[in-house]
Amino acid sequence: MTAVIIFFLFVAVTLGLSFYLGSKAKSSQGYFAAHGQIPWFVNGVAFAGDYLSAASFLGICGMIAFYGYDGFLYSIGYLAGWIVALFVVAEPMKRLGKFTFADALDARFQSRGIKLAAGISTLAVSVFYLIPQMVGAGALIKPLFGFEHWVGVVLVGSVVIVIVVTAGMVSTTWVQFLKGSLLVVFSGILTVLILLRGFETRSGGIDGYEFKTLTVADANTLTDELAAREGIEAVEQLTPENPNLQIAFVRTRTKDAATVWSYDVDATENVVLREAQDAAQPLHPIGTISKLPEGQSKAGSLGLLSFFSTLQKSEVVLWRNQKVFNPDGTETRIYYQKPTPGSEVLRPGEHPVFAGIRSDEPINKLNFLSLMLALFCGTASLPHILIRYYTVKDAAAARKSTIVGIASIGFFYVLTLYLGLGAMTSGAIDVSNDNMAAPLLAKSINAWLFAIISAIAFTTVLGTVSGLILASAGAVTHDLLTSVFRVDMNDHSKVRVAKLASVVVGGIAVVLGIIFEKMNVSYLVGWAFSVAASANLPALVMLLFWKGTTRQGIIAAVVVGMVSSLGWILLSGDTYGKVYGLDPADAMVPFSQPGIVTIPLGFLTLVLVSLLTQPKSS
Amino acid sequence: MECAVEARNARIGLVLFFVYLLLYGGFVFINAYSPTTMESTPFAGVNLAILYGFGLIIAAFLMALLYGFLCRERGDEKQSEEGQP
């Protein structure tokens, strides 16, 4: 109950602040760009607030908690992207633009085509980026209130629409500042508590339920041996969907209950059965260490580096899942234990997205290279990050706020590795949803912290979603309606149309957030980065650094980058498997991440089209 | 004059960008083509993957500071000190 009260108090303060500040901004300049008067330090922390979205906090921590080091690759890539933003884009962007990314692209040419292409690409990237935020919102609400995922998504959608409609860039910035600071500070506190707590070997999570392990001498007589054990009345073999799996499953029934087990043969030729969980039954929290170095049962308070060196020599119980067929042909999802050496947990390449780096096939490595390239190039092309350059006074302030942003974001990303691994060993994780790992980690420490962390994460989602919706509303009103379709609007009606656009974009985001419930939010953000980097970066960089860039070149690059990256994603194995429910092997493109093909394609298109359309006088 | 300062800032930015690109590229290529190198534990029992990753984040911060410092040295845009809301 305390948790719920703290949560509401937090959210109420944030909203109150937002309304108060929002009431001050009435003109369109104030609505979209906060009159260009936000102090650089505040803007810098607000960068962190905008950027450290649900994806960073929930997705990265979740991915680390389930797979180890791999989630941290996202942290590294997301931060590296800021280097492009600071060193290449920040200052010229500030000098070129007024309200939106399209303004900057169009500064030299005054072309309706550029506004149209850039406006549509802003909308596409924003909507893509909105999906993971909404999925994250659902994941947060569930453990706190017990609501269904869709309720969380609708709730966030409604609150954000109210914020954006009543407020604007001034209030969004201050809310982001508040939230960015709180997120970094509380993640720091959480990390200190994780280090103080250290590690402990356990066989079950914080609900006190201990997962059992059985040993049987011979795999061939497994069913008979189990049936002979006390209390077991029936034994059923379960057939995994993946025939190549190195592990098998069985279900035992006693008078009162059914238990599923995974089993495999250990080094001493014994068959080891580990208790698994059936998705159809209530699930117990997971996240345990099975062995610590030198047979210890507890490794008390740890240092910044000994945290990793201890884990490196331990064994952690990770969990995987598999669809299995019952003897009667019905299917069930089973979550099963996978004891994994710490040295493997802390190395790259365990997550399916990154597994390609351990394969001998060069094409599988391309997927990894492609993702890392998209993360590197994506940040500087995200519309909601780009609009933040217009909320400060001048280029120097843009530069300074980016440095403050990098400091806060970098500090936070270092913490994600501690938070994720802390969650992995917290005993509090929901085996069915990796997006909830960070708040549940806080829950394993205490209820207050859980409420505060959830509230911060919730306001994180609110803030990021508001920023994205504002960017989309700006694109619709300013780029598309005013500049492309030449709709004549006074200042007042511009703001009104922007608010209407916010409601529509918010609605779309809610629907998509419900559809994509089961996907890791960081993974979804990876896609948004790919689209942003392919559509926006070539045009932006070439405009700044190549005098030969033409209007037609920019339009072609934006359109080709956007269409090719979106098309690639829609035809990729990941989308086939996770969204359409088809066999990923049938996918039309050889790997899932488009960046390594579509970013160079955008540059190439720009150069070729520009060369073909050089003005005659030159 | 304004343009000269801008051009100088842009040049510093590009140099730092390429330095970071090398560091980041090194990390990505070692991961992709020699993942076992990342498993080695060269310092305090912590593996290279973690050390290099932390190193990249810290390097980004230090280079950002350096950039801010070098640009300020050019004495541009003084009026932006402590902008008030």
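**Domains, chain contact and packing in a predicted model**

The domain assignment of chain A, whose bounds come from an automatic or database source, gives domain 1 (2-198 + 380-514) and domain 2 (200-358). The structure is a predicted model, in which local features need pLDDT of at least 70, side-chain atom pairs count only at pLDDT 80 or more, and totals for chains, interfaces and linings use all residues. Residues are numbered from 1 along each chain as its sequence is written, and chains are lettered from A and ligands numbered from 1 in the order in which they are written.

The C-alpha centres of the two domains of chain A lie 37 Å apart. Across their boundary, 23 residues of domain 1 are in contact with 29 residues of domain 2, contact being defined by C-beta atoms, placed from the backbone, that lie within 7 Å. On the domain 1 side, two or more residues each are given by α4 (54-67), α5, α9 (169-197) and α15 of chain A; helices are DSSP runs of H or I with at least four residues, strands are runs of E with at least two, and both are numbered from the N terminus. The largest share of this side, 4 residues, comes from α15(A). By class, the side comprises 14 nonpolar, 7 polar and 2 charged residues. Here Ala, Val, Leu, Ile, Met, Phe, Trp, Tyr, Cys and Pro count as nonpolar, Asp, Glu, Lys and Arg as charged, and the others, Gly among them, as polar.

The contact between chains takes 46 residues from chain A and 38 residues from chain B. The elements of chain A that give two or more residues to its side are α5 (70-96), α11 (306-312), α13 (362-378) and α15 (395-424). This side has 32 nonpolar, 6 polar and 8 charged residues.

Within chain A, the axes of helix α20 (residues 551-570) and helix α22 (residues 595-612) come within 8 Å and cross at roughly 155 degrees. Axes are lines fitted to C-alpha atoms, for helices over the stretch in contact, and angles run from 0 to 180 degrees between N-to-C directions. α20(A) and α22(A) are therefore roughly antiparallel, a term for angles over 145 degrees. The contact of α20(A) with α22(A) has 9 nonpolar, 9 polar and no charged residues.

Strand β3 (residues 234-240) of chain A pairs with strand β4 (residues 248-253) of chain A in the antiparallel sense over 5 bridges, pairing requiring at least two bridges found by DSSP. In this pair, A:Ala234 stands opposite A:Arg253 of β4(A). β3(A) also pairs in the antiparallel sense with strand β10 (residues 315-325) of chain A, over 2 bridges, and A:Thr239 stands opposite A:Phe325 in β10(A).

Technical notes:
Contact = placed C-beta atoms within 7 Å. Parallel < 35°, antiparallel > 145°, perpendicular 65-115°, else oblique.
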